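Please take a moment to look over the sequence and the model before reading on. We will walk through the fold together, one step at a time.

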Amino acid sequence: FTGREAAMAGLAVLALVLWVAAGDFVNATTVAFGMIALMVAGRVVTWDDVIGHAPAWDALLRLGTLVTLADGLRRTGFIAWLGQYAAGALAGIPPMAAAVVLTVLYVLLHYLFATTTAHALAVFPVMLALAAGLPGIDLRDFALLVALTHGIMGVISPYATGPSPVYHGSGYITNADYWRLGAVFGALFLFALLAISAPILLR
């Protein structure tokens with residue numbers, strides 16, 4: 001256990017403390033970059049170590065771009081507009097079919113979001129509002145069905161959840177295979193969820 005390792009552990013603990021206890025005073029991104037700066041300045045890691053991790057920079061650019069895109073879609077009203085359009089298209093169809101279509105739409109919209117947290121914050125309230133406006137849908141059961149999709153949508157893209165960029169960056173699965181297999185297994189998981197849960201929750 002060397003001095004550099006001890007310093008690394010100390011800085012990691014300090015970052016966690018600041019994220020948890022000082023979130024109202026210090027931005028989480030500032031803490032992360034501050035810790036990296038201290039690691040480089042204290043020679044815990046070298047600058048070559050920092051810039052040499054191509055998968056990490058790739059993940060940062062992907063997630064940063066997609067989080068910004070998702071926030072932009074929400075701010076410009078695109079998600080709300082899409083929800084209103086879907087509500088008009090679903091008017092008059094049976095409640096269970098409408099709930100299933102909304103659930104599938106919810107999962108497909110995850111291609112626009114990095115992490116399920118950003119997705120839920122932007123789209124989940126819209127879906128609940130849509131379901132509340134459609135007669136015959138039990139809002140509590142529909143909310144549970146949509147919430148369950150968060151456990152299966154993490155496979156659909158290299159940025160779908162926090163760990164996805166790590167899996168993608170490992171190099172064991174090519175980019176094309178990741179997208180193809182993500183679509184295949186995402187569809188299989190969603191079909192299984194709807195086949196098992198929809199008849200129970202949306203009866």
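The paragraphs below go from the overall outline to the inside, and end at a single residue.

Keep in mind that this is a predicted model. Let's begin with the outline: the protein has 10 helices and zero strands. Its C-alpha atoms fill a box of roughly 65 × 40 × 30 Å along the principal axes. The radius of gyration is 21 Å, whereas a compact globule of 203 residues would have one near 17 Å.

Now let's step inside. Of the 203 residues, 33% count as buried. The largest nonpolar core has 27 residues, and L102, V123, M127, I137 and F142 have the most contacts inside it. Helices α6 (95–108), α7 (116–132), α8 (139–148) and α10 each supply at least two residues of this core. The largest share, six residues, comes from α7. Apart from this core lies another one of eight residues, including A15, V31, M35 and V44.

Leaving aside neighbours within four places in sequence, F142 is in contact with A99, L102, T103, M127, L128, A131, I137 and L202.

Finally, find S197 in helix α10, which spans residues 175–201. Is S197 buried or exposed? Its relative accessible area is 13%, and buried means under 20%, so S197 counts as buried. Not counting residues up to four places away in sequence, S197 touches L145, L148 and L202.

Technical notes
Residues are numbered from 1 along each chain as its sequence is written. This is a predicted model: local features need pLDDT of at least 70, side-chain atom pairs count only at pLDDT 80 or more; totals for chains, interfaces and linings use all residues. Side-chain values use heavy atoms; hydrogens and water are left out. Helices (H or I, at least four residues) and strands (E, at least two) are DSSP runs, numbered from the N terminus. Buried means under 20% relative accessible area, exposed over 50%, partly exposed in between (1.4 Å probe, protein chains only). Contact means heavy atoms within 4.5 Å. A nonpolar core is a set of buried Ala, Val, Leu, Ile, Met, Phe, Trp, Tyr and Cys residues joined through side-chain atoms within 4.5 Å. The radius of gyration is taken over C-alpha atoms; the globule rule is 2.2 Å times the number of residues to the power 0.38.
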